[in-house]
Amino acid sequence: MSLPVLVAVPGPDEARLVVGWEPLRRELVVVRRCADLPEVLAAARAGLGRAVVLGADLPGADAEAVDVLRRQEVGLLVLLPTGPGATALEHRWRAMGAHRFASAADDPAAVARALAVVAEAAVGPGRAHGGTAAAPGPADPATDDGDGAQEPLEVGAGRTVAVWGPHGSAGRSTVAVNLAAELAGTGAPTVLVDLDTRGACVAQLLGLLDEAPGLLAAVRAATEGRLNARALHRHTSLVLPDLAVLTGSPDPRRWSEVRPVGLRRVLEVAAGSAEWVVLDLPGGLEEEDGADRDAATAVALESADVVLVVGAADPVGLQRWIRTWQRLGEVAPGAPAVAVLTRVRASAAGSPAPRRVAAAVHRFAGVDDAVLLPEDTAADDAALAGRTLGEVAARSPLRRAVAGLAQRLEDSVAVPVLPEVPADLAAI
């Protein structure tokens, strides 16, 4: 059976390939010569081709297009031009998730054989182009960061902590900010990412300007294949010697700019350039109406090495927290979780408050080692000053409790083991 192929290569190289494939009609048939990328994606969604050749300089190409082809199980082969610009284009396409390349100078028969390989790899378990995330290359080359410099990237070397929980004001952002500060205080490079698509406030808590959210700029760069560690650094704000912050947008109407494909790449680059990545997430996870809005949260939970489930230690907050804890296996299967209860106080839980809260989470959620953070006006002092607890109230009970949480993560969260690179990708 002939392999159905889609082609979109600007310039004369497309005609040369199509003519060169004429003797190979039993093995390969060009079902459509597409004028632009939207036509390629429409044909892929319609199931017209099992493989596609895209010119490396095809206008509009980005990580989302590569992801559409991957999800449609259409093998992608990128045709690089001859000349000095080929290397930079290859780096950009690799950053967008492509792994297979051919040169415009290659014999059409060799390109046809490469298409057969990518078509086979796109289908079935362990495929190079299947699933939601592409397998990384052996030191995924970074993209050109604007000054011509190239930089290798170790993907996924850092540990990622997602700070999540039920809806409501449980203090997730306060926990995320001060946990990141404590981790950075040990000398470990840390990136704090404000991923609250409903009401980002990390910038406000740390006294930063938020007119130009760094997260949105980083996601755009990642979607276009222009993000590496240096570019990510330019989008962050350094608030402590080892703590960089990627600010979010305080305008919840801009949530749609946090594209899942680009966000996944941002988190991958952050984990490759820091020892810790702390993600401040919005509360809850809707099942229907908010599905699109919560796509960023789903990507973050999927990327996390540990999830902190943060809830308020009062009757309403505990009820919400218990329901969320019971759902954790659905939204973040396999991820280790740490129970964190905030604002522990006798006026809301009875006396002694820590014992009563611990008994409640043990009885209704089966948790014996919850982290209890006390009610402390030092949190208000830090927010008013736009600083961390360690800077304004180093000896406060809340600061000591957060420092204990950081130490617990240091002791219990292992550095991720990177997957082995398949031999066919390592040879590229």
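## Exercises on a predicted fold

The protein has 18 helices and 13 strands, where helices (H or I, at least four residues) and strands (E, at least two) are DSSP runs numbered from the N terminus. The model is predicted, so local features need pLDDT of at least 70 and side-chain atom pairs count only at pLDDT 80 or more, while totals for chains, interfaces and linings use all residues. Residues are numbered from 1 along each chain as its sequence is written, and side-chain values use heavy atoms, with hydrogens and water left out.

**Exercise 1.** Describe the open sheet of 5 strands and the helices that lie on it.

*Solution.* Begin with the strand order, which is 2-1-3-4-5 with parallel pairing; two strands pair if DSSP finds at least two bridges between them. Strand 2 (28-33) and strand 5 (101-103) stand at the edges with a single partner strand each, so one side of each has no neighbour in the sheet. Neighbouring strands are turned by 30° against each other on average, direction ignored. Next, take the pair of strand 4 (residues 75-80) and strand 5, which is parallel over 3 bridges, and in which Leu 80 has Ser 103 of strand 5 as its bridge partner.  Helix 2 (residues 37-45) lies across strand 1, strand 2 and strand 3, at about 160° to strand 1.

**Exercise 2.** Characterise the packing of helix 12 and helix 14.

*Solution.* First, the geometry: helix 12 (residues 315-331) and helix 14 (residues 353-365) pack at an angle of about 40°, with their axes 10 Å apart, the axes being lines fitted to C-alpha atoms over the stretch in contact and angles running from 0 to 180 degrees between N-to-C directions. The two helices are therefore oblique to each other, since angles under 35 degrees count as roughly parallel, over 145 as roughly antiparallel, 65 to 115 as roughly perpendicular and the rest as oblique. Then list the contacts (heavy atoms within 4.5 Å): Leu 318, Trp 321, Ile 322, Trp 325 and Gln 326 in helix 12 meet Val 357, Ala 360, Val 361, Phe 364 and Ala 365 in helix 14.

**Exercise 3.** Determine how far helix 8 is enclosed by the rest of the structure.

*Solution.* Count the buried residues (under 20% relative accessible area, with a 1.4 Å probe and protein chains only): 9 of the 10 residues of helix 8 (residues 214-223) are buried, so helix 8 is largely enclosed. What covers these residues includes helix 3 (63-71), strand 7 (190-194) and helix 10 (260-273).

Definitions and conventions: Buried < 20%, exposed > 50% of the residue type's maximum accessible area, 1.4 Å probe, protein only.
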